[in-house]
Amino acid sequence: MASAAASSCPASAGQKLVTSPATSARTVSLTFDDGPSLHTPAVLDALGARGVRGVFFVTGAAVQAHPDIARRIVREGHVIANHTWSHPQAVPGAAVYGRFDALPVAVQIDEITRTTDTIRAVTGVSPCFFRGPGGWHSTALTSEITRDRGLTIAHWTVSGEDAAQAATTTSASTQAIVTRSVSTHEHPIVLLHDGKASPEPEAQVTSNRSNTVAALPQIIDSYASRGYVFTDPAGRPLPTTVIHPPQAAPVRAHVAALYAHLLGRAPDAGGLQSGPSSCCGTAATRRP
């Protein structure tokens with residue numbers, strides 16, 4: 001049985017959005033596919049440093065593999081969305097082979113439902129948006145399946161094409177992602193990647209996402225300087241509070257040692273003597 005759409009989801013279930021609705025003069029939705037991965041924390045740090053939120057289209061398998069990162073996405077006020085369980089695609093080696101919207105109805109339902117159930121179990125929130133791998137989500141059948149589950153299909157306006165980035169951080173690769181991602185459209189949905197879900201060998205398609213991370217400050221600054229409001233794909237504004245990620249233990253130890261040296265005394269066991277740190281991220285609204 002299909003689950004009922006959550007009341008906090010937009011009233012566009014089953015529709016495909018290529019641009020966001022014009023809820024302000026200029027809006028932009030930054031979206032990230034194929035995570036969560038070990039690169040996602042760096043993406044979250046980059047967004048947090050600029051005080052904006054994004055939309056993360058996660059696979060169910062990746063949420064199962066990285067539940068703490070999925071919870072961090074939600075805890076810091078970002079939107080978490082459905083990108084199927086196994087990332088079906090017509091690529092040799094894919095766990096499920098074929099264009100998603102051409103797969104049998106039972107397979108499509110399973111891929112979507114398992115992912116929504118896992119996102120809800122891990123993070124406590126239910127997704128409102130869906131994106132098929134490779135943008136294959138345009139058939140009437142897929143529209144019906146997503147509509148019945150309260151999911152709006154989010155395509156994209158522009159792509160950073162960062163799934164094909166260099167295997168190391170280079171200025172050329174970073175700048176190419178910036179150039180492709182910055183648009184003059186008034187309401188773009190921008191496609192980027194924080195993970196790799198495709199089955200190609202590493203030598204053919206890298207899992208590196210460091211160029212995406214390096215490009216984000218320029219992408220964000222370009223839109224912010226032109227007065228764009230950062231939104232979800234349905235044009236709903238997202239919080240813009242700066243997030244301060246907790247310091248990693250080695251960094252805290254280094255700072256504590258420096259602090260002790262300057263004061264001429266040993267650091268305390270907690271690493272710092274200035275009291276506990278706090279995080280000012282905005283928690284996402286939770287639903288049963």
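The buried residues of α7 are Asn211, Thr212, Val213, Ala215, Leu216, Ile219, Ile220, Ser222 and Tyr223. They are covered by elements that include β2, α1, α6, β8 and β9 (229-230). These assignments come from a predicted model.

The length of α7 fits its residue count. Its 16 residues, at 1.5 Å a residue, should span 22 Å, and the C-alpha atoms at its ends lie 24 Å apart, which agrees. Just after the helix, glycine 227 adopts a positive phi of about 80°.

Helix α7 also takes part in the largest nonpolar core. This core holds 31 residues. Leu30, Phe32, Leu47, Phe56, Ile80 and Ile219 have the most contacts inside it. Two or more residues come from each of β2 (27-35), α1 (40-50), β3 (55-58), α3 (67-75), α4 (105-123), α6 (171-181), β8 (189-193) and α7 (210-225). The largest share, 6 residues, is supplied by α7. Within that helix, isoleucine 219 is buried. Leaving aside residues up to four places away in sequence, isoleucine 219 touches Leu30, Ile177, Val178, Ser181, Val182 and Leu192. Another core, of 14 residues, lies apart from the largest one. Its members include Val55, Val79, Ala81 and Phe129.

A loop residue, glutamine 89, was examined next. Glutamine 89 sits in the loop between β4 (79-82) and α4. Its relative accessible area is 14%, under the 20% cut-off, so glutamine 89 counts as buried. Residues up to four places away in sequence aside, its contacts are Ala94, Val96, Tyr97, Gly98, Ala197, Ser198 and Pro199. Glycine 134 is 45 residues from glutamine 89 along the chain, yet their C-alpha atoms are separated by 7.5 Å.

Totals for the whole chain complete the description. The protein chain contains 8 helices and 9 strands. Of its 288 residues, 49% count as buried. Among contacts with a separation of 6 or more, 77% join residues 24 or more positions apart.

Conventions
Residues are numbered from 1 along each chain as its sequence is written. This is a predicted model: local features need pLDDT of at least 70, side-chain atom pairs count only at pLDDT 80 or more; totals for chains, interfaces and linings use all residues. Side-chain values use heavy atoms; hydrogens and water are left out. A nonpolar core is a set of buried Ala, Val, Leu, Ile, Met, Phe, Trp, Tyr and Cys residues joined through side-chain atoms within 4.5 Å. Buried means under 20% relative accessible area, exposed over 50%, partly exposed in between (1.4 Å probe, protein chains only). Helices (H or I, at least four residues) and strands (E, at least two) are DSSP runs, numbered from the N terminus. Contact means heavy atoms within 4.5 Å. The expected span of a helix is 1.5 Å times one less than its number of residues.
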